[in-house]
Amino acid sequence: MVVAPEFDRRASAYGTGARVQQDAAAWLAEWLPRECGEPALELGAGTGFFTRHALRSARQLVATDASSRMVELGRAALPRAEWTVAGAENPPAAKFPYRAILTSSLVQWLNDPAAAFREWHGISAPDALLLGGWFVRGTMEEFVSACPESAPFRWRSAEQWLVLLNEASWKVRRSETKIFQLTHKSSAAMLREIHDVGAVAPRRLGAGRLRAALRRNDAKSRSQAGVVTPFVFLRVEAVRA
Ligand SMILES: C[S@@+](CC[C@H](N)C(=O)[O-])C[C@H]1O[C@@H](n2cnc3c(N)ncnc32)[C@H](O)[C@@H]1O
(Lines give C-alpha, C1' and ligand atoms only; values in the text may rest on other atoms or scores of the structure.)
Protein backbone atom coordinates (compact mmCIF):
# COMPACT_ATOMS: atom_id res chain seq x y z
CA MET A 1 0.00 0.00 0.00
CA VAL A 2 1.38 3.41 -0.94
CA VAL A 3 0.45 6.25 1.38
CA ALA A 4 1.42 9.89 1.50
CA PRO A 5 3.11 9.62 4.93
CA GLU A 6 2.60 13.23 5.99
CA PHE A 7 -1.18 12.70 6.07
CA ASP A 8 -0.76 10.12 8.81
CA ARG A 9 1.56 12.36 10.83
CA ARG A 10 -0.70 15.38 10.47
CA ALA A 11 -4.06 13.63 10.83
CA SER A 12 -5.06 15.48 14.00
CA ALA A 13 -4.63 18.88 12.30
CA TYR A 14 -6.44 17.83 9.11
CA GLY A 15 -10.00 18.08 10.43
CA THR A 16 -9.66 21.75 11.37
CA GLY A 17 -7.03 22.95 8.87
CA ALA A 18 -8.02 21.48 5.51
CA ARG A 19 -10.48 24.18 4.49
CA VAL A 20 -10.23 23.82 0.72
CA GLN A 21 -10.72 20.04 0.89
CA GLN A 22 -13.76 20.57 3.13
CA ASP A 23 -15.31 23.06 0.69
CA ALA A 24 -14.48 20.78 -2.24
CA ALA A 25 -16.15 17.82 -0.50
CA ALA A 26 -19.32 19.88 -0.02
CA TRP A 27 -19.30 20.86 -3.69
CA LEU A 28 -18.80 17.25 -4.79
CA ALA A 29 -21.64 16.18 -2.47
CA GLU A 30 -24.08 18.25 -4.55
CA TRP A 31 -23.91 15.38 -7.06
CA LEU A 32 -24.69 12.63 -4.57
CA PRO A 33 -27.92 10.93 -5.55
CA ARG A 34 -30.66 10.55 -2.92
CA GLU A 35 -29.69 6.86 -2.66
CA CYS A 36 -26.38 5.84 -4.15
CA GLY A 37 -26.74 2.06 -3.98
CA GLU A 38 -25.21 -0.48 -1.61
CA PRO A 39 -22.72 -1.40 -0.61
CA ALA A 40 -20.85 1.87 -1.22
CA LEU A 41 -17.09 2.27 -0.88
CA GLU A 42 -15.24 5.48 -0.11
CA LEU A 43 -11.50 5.73 -0.84
CA GLY A 44 -9.09 8.12 0.89
CA ALA A 45 -11.87 9.14 3.28
CA GLY A 46 -9.50 11.01 5.62
CA THR A 47 -11.29 12.23 8.73
CA GLY A 48 -14.62 12.13 6.92
CA PHE A 49 -15.33 15.49 5.24
CA PHE A 50 -17.04 13.74 2.34
CA THR A 51 -18.14 10.70 4.39
CA ARG A 52 -20.44 12.95 6.38
CA HIS A 53 -22.32 13.85 3.19
CA ALA A 54 -22.13 10.33 1.73
CA LEU A 55 -23.83 8.81 4.77
CA ARG A 56 -26.99 10.70 3.82
CA SER A 57 -27.03 8.82 0.53
CA ALA A 58 -25.58 5.41 1.47
CA ARG A 59 -26.87 3.36 4.40
CA GLN A 60 -24.07 0.81 4.04
CA LEU A 61 -20.80 2.68 3.52
CA VAL A 62 -17.30 1.23 3.81
CA ALA A 63 -14.97 4.20 4.43
CA THR A 64 -11.27 3.49 3.81
CA ASP A 65 -7.99 5.35 4.05
CA ALA A 66 -4.36 4.28 3.96
CA SER A 67 -3.61 6.26 7.13
CA SER A 68 -4.55 4.45 10.34
CA ARG A 69 -4.76 7.75 12.26
CA MET A 70 -7.16 9.23 9.74
CA VAL A 71 -9.29 6.10 10.05
CA GLU A 72 -9.29 6.32 13.87
CA LEU A 73 -10.46 9.93 13.75
CA GLY A 74 -13.03 9.22 11.07
CA ARG A 75 -14.44 6.26 12.99
CA ALA A 76 -14.73 8.33 16.18
CA ALA A 77 -16.56 11.15 14.35
CA LEU A 78 -18.77 9.04 12.07
CA PRO A 79 -19.24 5.56 13.57
CA ARG A 80 -22.16 4.73 11.27
CA ALA A 81 -19.69 4.10 8.42
CA GLU A 82 -17.63 0.91 8.48
CA TRP A 83 -14.05 2.23 8.71
CA THR A 84 -11.08 0.19 7.42
CA VAL A 85 -7.41 0.94 6.78
CA ALA A 86 -6.82 0.22 3.09
CA GLY A 87 -4.95 1.62 0.14
CA ALA A 88 -7.02 2.91 -2.76
CA GLU A 89 -4.96 0.77 -5.13
CA ASN A 90 -6.10 -2.38 -3.37
CA PRO A 91 -9.40 -1.73 -1.60
CA PRO A 92 -11.30 -4.45 0.26
CA ALA A 93 -13.69 -6.43 -1.93
CA ALA A 94 -17.22 -6.72 -0.52
CA LYS A 95 -19.37 -9.85 -0.35
CA PHE A 96 -21.48 -8.25 -3.07
CA PRO A 97 -19.90 -5.96 -5.67
CA TYR A 98 -20.00 -2.27 -4.78
CA ARG A 99 -22.83 -0.24 -6.28
CA ALA A 100 -21.06 3.04 -5.63
CA ILE A 101 -17.40 4.14 -5.45
CA LEU A 102 -16.88 7.53 -3.82
CA THR A 103 -13.75 9.60 -3.35
CA SER A 104 -12.83 13.22 -2.60
CA SER A 105 -9.41 14.93 -2.76
CA LEU A 106 -7.51 11.64 -3.01
CA VAL A 107 -6.97 10.70 -6.64
CA GLN A 108 -4.27 13.26 -7.51
CA TRP A 109 -2.10 11.53 -4.87
CA LEU A 110 -2.19 8.09 -6.50
CA ASN A 111 1.05 6.85 -8.10
CA ASP A 112 -0.79 4.85 -10.73
CA PRO A 113 -4.33 6.19 -10.96
CA ALA A 114 -5.10 4.24 -14.16
CA ALA A 115 -4.44 0.97 -12.32
CA ALA A 116 -6.58 2.14 -9.39
CA PHE A 117 -9.48 3.00 -11.73
CA ARG A 118 -9.23 -0.51 -13.23
CA GLU A 119 -9.13 -2.05 -9.75
CA TRP A 120 -12.29 -0.16 -8.72
CA HIS A 121 -13.95 -1.32 -11.92
CA GLY A 122 -13.12 -4.94 -10.99
CA ILE A 123 -14.81 -4.81 -7.57
CA SER A 124 -17.96 -2.94 -8.56
CA ALA A 125 -21.29 -4.03 -10.00
CA PRO A 126 -22.44 -3.42 -13.59
CA ASP A 127 -23.69 0.18 -13.86
CA ALA A 128 -22.10 1.08 -10.52
CA LEU A 129 -21.66 4.78 -9.85
CA LEU A 130 -18.24 6.39 -9.55
CA LEU A 131 -18.54 9.82 -7.96
CA GLY A 132 -15.22 11.49 -7.38
CA GLY A 133 -13.52 14.82 -7.14
CA TRP A 134 -9.86 15.76 -7.00
CA PHE A 135 -7.43 18.59 -7.68
CA VAL A 136 -6.13 19.08 -11.20
CA ARG A 137 -3.57 21.13 -13.12
CA GLY A 138 -3.97 24.84 -12.53
CA THR A 139 -3.87 24.33 -8.76
CA MET A 140 -1.22 26.64 -7.21
CA GLU A 141 -0.30 27.42 -10.80
CA GLU A 142 2.17 30.25 -10.26
CA PHE A 143 3.98 28.48 -7.48
CA VAL A 144 4.15 25.16 -9.35
CA SER A 145 5.49 26.83 -12.49
CA ALA A 146 8.13 28.71 -10.46
CA CYS A 147 9.16 25.55 -8.66
CA PRO A 148 7.97 22.41 -10.52
CA GLU A 149 10.12 20.12 -8.37
CA SER A 150 7.94 21.05 -5.37
CA ALA A 151 4.99 19.11 -6.84
CA PRO A 152 4.40 15.93 -4.79
CA PHE A 153 2.85 14.18 -7.81
CA ARG A 154 2.32 14.72 -11.54
CA TRP A 155 -0.34 17.36 -12.16
CA ARG A 156 -2.83 16.31 -14.88
CA SER A 157 -5.42 18.43 -16.66
CA ALA A 158 -9.15 17.70 -16.34
CA GLU A 159 -9.12 16.39 -19.94
CA GLN A 160 -6.27 13.97 -19.18
CA TRP A 161 -8.19 12.61 -16.19
CA LEU A 162 -11.31 12.01 -18.27
CA VAL A 163 -9.26 10.04 -20.80
CA LEU A 164 -7.81 7.85 -18.02
CA LEU A 165 -11.29 7.11 -16.66
CA ASN A 166 -12.57 6.25 -20.11
CA GLU A 167 -9.62 3.93 -20.75
CA ALA A 168 -10.43 2.12 -17.50
CA SER A 169 -14.04 1.59 -18.73
CA TRP A 170 -15.67 4.24 -16.56
CA LYS A 171 -18.15 6.11 -18.76
CA VAL A 172 -18.23 9.77 -17.72
CA ARG A 173 -21.80 11.10 -17.52
CA ARG A 174 -20.88 14.61 -16.42
CA SER A 175 -17.86 16.52 -15.18
CA GLU A 176 -17.13 20.08 -14.10
CA THR A 177 -14.25 22.05 -12.62
CA LYS A 178 -14.40 24.79 -10.02
CA ILE A 179 -11.66 27.11 -8.83
CA PHE A 180 -11.50 27.55 -5.07
CA GLN A 181 -9.43 30.61 -4.15
CA LEU A 182 -7.56 30.78 -0.87
CA THR A 183 -6.14 34.07 0.38
CA HIS A 184 -3.13 34.26 2.69
CA LYS A 185 -1.00 37.08 3.94
CA SER A 186 2.00 35.64 2.07
CA SER A 187 3.03 32.72 -0.14
CA ALA A 188 4.95 31.32 2.82
CA ALA A 189 1.74 31.29 4.89
CA MET A 190 -0.05 29.51 2.04
CA LEU A 191 2.63 26.83 1.90
CA ARG A 192 2.61 26.44 5.69
CA GLU A 193 -1.14 25.82 5.72
CA ILE A 194 -0.80 23.08 3.11
CA HIS A 195 2.12 21.57 4.95
CA ASP A 196 0.27 21.63 8.28
CA VAL A 197 -2.50 19.36 6.99
CA GLY A 198 -0.04 16.88 5.48
CA ALA A 199 -0.68 17.64 1.80
CA VAL A 200 3.01 17.51 0.93
CA ALA A 201 5.50 14.82 0.01
CA PRO A 202 8.69 14.97 2.06
CA ARG A 203 11.35 16.08 -0.37
CA ARG A 204 14.31 18.34 -0.15
CA LEU A 205 14.00 21.68 -1.86
CA GLY A 206 17.01 23.98 -1.87
CA ALA A 207 16.31 26.94 0.43
CA GLY A 208 17.36 29.36 -2.31
CA ARG A 209 15.01 27.82 -4.89
CA LEU A 210 12.16 27.84 -2.43
CA ARG A 211 12.71 31.48 -1.44
CA ALA A 212 12.85 32.52 -5.11
CA ALA A 213 9.61 30.65 -5.89
CA LEU A 214 7.88 32.21 -2.89
CA ARG A 215 9.05 35.69 -3.93
CA ARG A 216 7.81 35.15 -7.47
CA ASN A 217 4.49 33.84 -6.21
CA ASP A 218 4.14 36.83 -3.87
CA ALA A 219 4.76 39.19 -6.77
CA LYS A 220 2.43 37.46 -9.25
CA SER A 221 -0.47 36.50 -7.00
CA ARG A 222 -0.81 39.42 -4.61
CA SER A 223 -4.08 41.34 -4.49
CA GLN A 224 -5.19 43.97 -1.97
CA ALA A 225 -6.55 41.20 0.24
CA GLY A 226 -3.33 39.16 0.19
CA VAL A 227 -1.80 36.35 -1.86
CA VAL A 228 -4.55 34.54 -3.78
CA THR A 229 -3.95 30.90 -4.70
CA PRO A 230 -6.22 28.89 -7.03
CA PHE A 231 -7.13 25.28 -6.23
CA VAL A 232 -8.80 23.71 -9.26
CA PHE A 233 -11.12 20.83 -8.38
CA LEU A 234 -12.64 18.43 -10.89
CA ARG A 235 -15.85 16.61 -10.03
CA VAL A 236 -16.86 13.58 -12.08
CA GLU A 237 -19.88 11.32 -12.22
CA ALA A 238 -19.23 8.12 -14.18
CA VAL A 239 -20.82 4.70 -14.54
CA ARG A 240 -19.15 1.34 -14.87
CA ALA A 241 -19.22 0.43 -18.58
C1 LIG B 1 -6.45 15.35 0.96
S2 LIG B 1 -6.91 14.02 1.99
C3 LIG B 1 -8.65 13.85 1.60
C4 LIG B 1 -9.41 13.27 2.73
C5 LIG B 1 -10.94 13.34 2.62
N6 LIG B 1 -11.44 12.53 1.55
C7 LIG B 1 -11.39 14.77 2.45
O8 LIG B 1 -12.16 15.05 1.53
O9 LIG B 1 -11.00 15.59 3.28
C10 LIG B 1 -6.22 12.64 1.16
C11 LIG B 1 -6.39 11.36 1.94
O12 LIG B 1 -5.96 10.28 1.13
C13 LIG B 1 -5.22 9.39 1.92
N14 LIG B 1 -4.32 8.67 1.03
C15 LIG B 1 -3.18 9.09 0.43
N16 LIG B 1 -2.69 8.14 -0.37
C17 LIG B 1 -3.56 7.10 -0.29
C18 LIG B 1 -3.63 5.82 -0.90
N19 LIG B 1 -2.70 5.43 -1.76
N20 LIG B 1 -4.66 5.00 -0.59
C21 LIG B 1 -5.62 5.40 0.29
N22 LIG B 1 -5.62 6.59 0.90
C23 LIG B 1 -4.59 7.43 0.61
C24 LIG B 1 -4.52 10.23 2.96
O25 LIG B 1 -4.16 9.48 4.09
C26 LIG B 1 -5.56 11.30 3.21
O27 LIG B 1 -6.40 10.94 4.28
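Ala94 counts as partly exposed because it has 18 C-beta neighbours inside 10 Å. A residue is called buried with 20 or more other C-beta atoms within 10 Å of its own, exposed with 12 or fewer, and partly exposed in between; C-beta atoms are placed from the backbone. The model is predicted: local features need pLDDT of at least 70, side-chain atom pairs count only at pLDDT 80 or more, and totals for chains, interfaces and linings use all residues. Residues are numbered from 1 along each chain as its sequence is written.

Ala94 sits in the loop that joins β3 (82-85) to β4 (98-104). Strands (E, at least two residues) and helices (H or I, at least four) are DSSP runs, numbered from the N terminus. Beyond its neighbours within four places in sequence, Ala94 is in contact with Pro39 and Val62. Contact requires C-beta atoms, placed from the backbone, within 7 Å. Ile123 is 29 residues from Ala94 in sequence, yet the C-alpha atoms are 7.7 Å apart.

Strand β2 (residues 61-65) pairs with β3 in the parallel sense, over 4 bridges. Pairing requires at least two DSSP bridges between the strands. Within this pair, Ala63 stands opposite Trp83 of β3. Together with helix α5 (residues 68-77), β2 and β3 make a right-handed β-α-β unit. Right-handed describes a path that runs clockwise from the first strand over the helix to the second, with the strands pointing away from the viewer.

The ligand is surrounded by 26 residues, the closest being Phe7, Gly44, Gly46, Ala66 and Ser67.

Key:
Contact = placed C-beta atoms within 7 Å. Near = placed C-beta within 6 Å.
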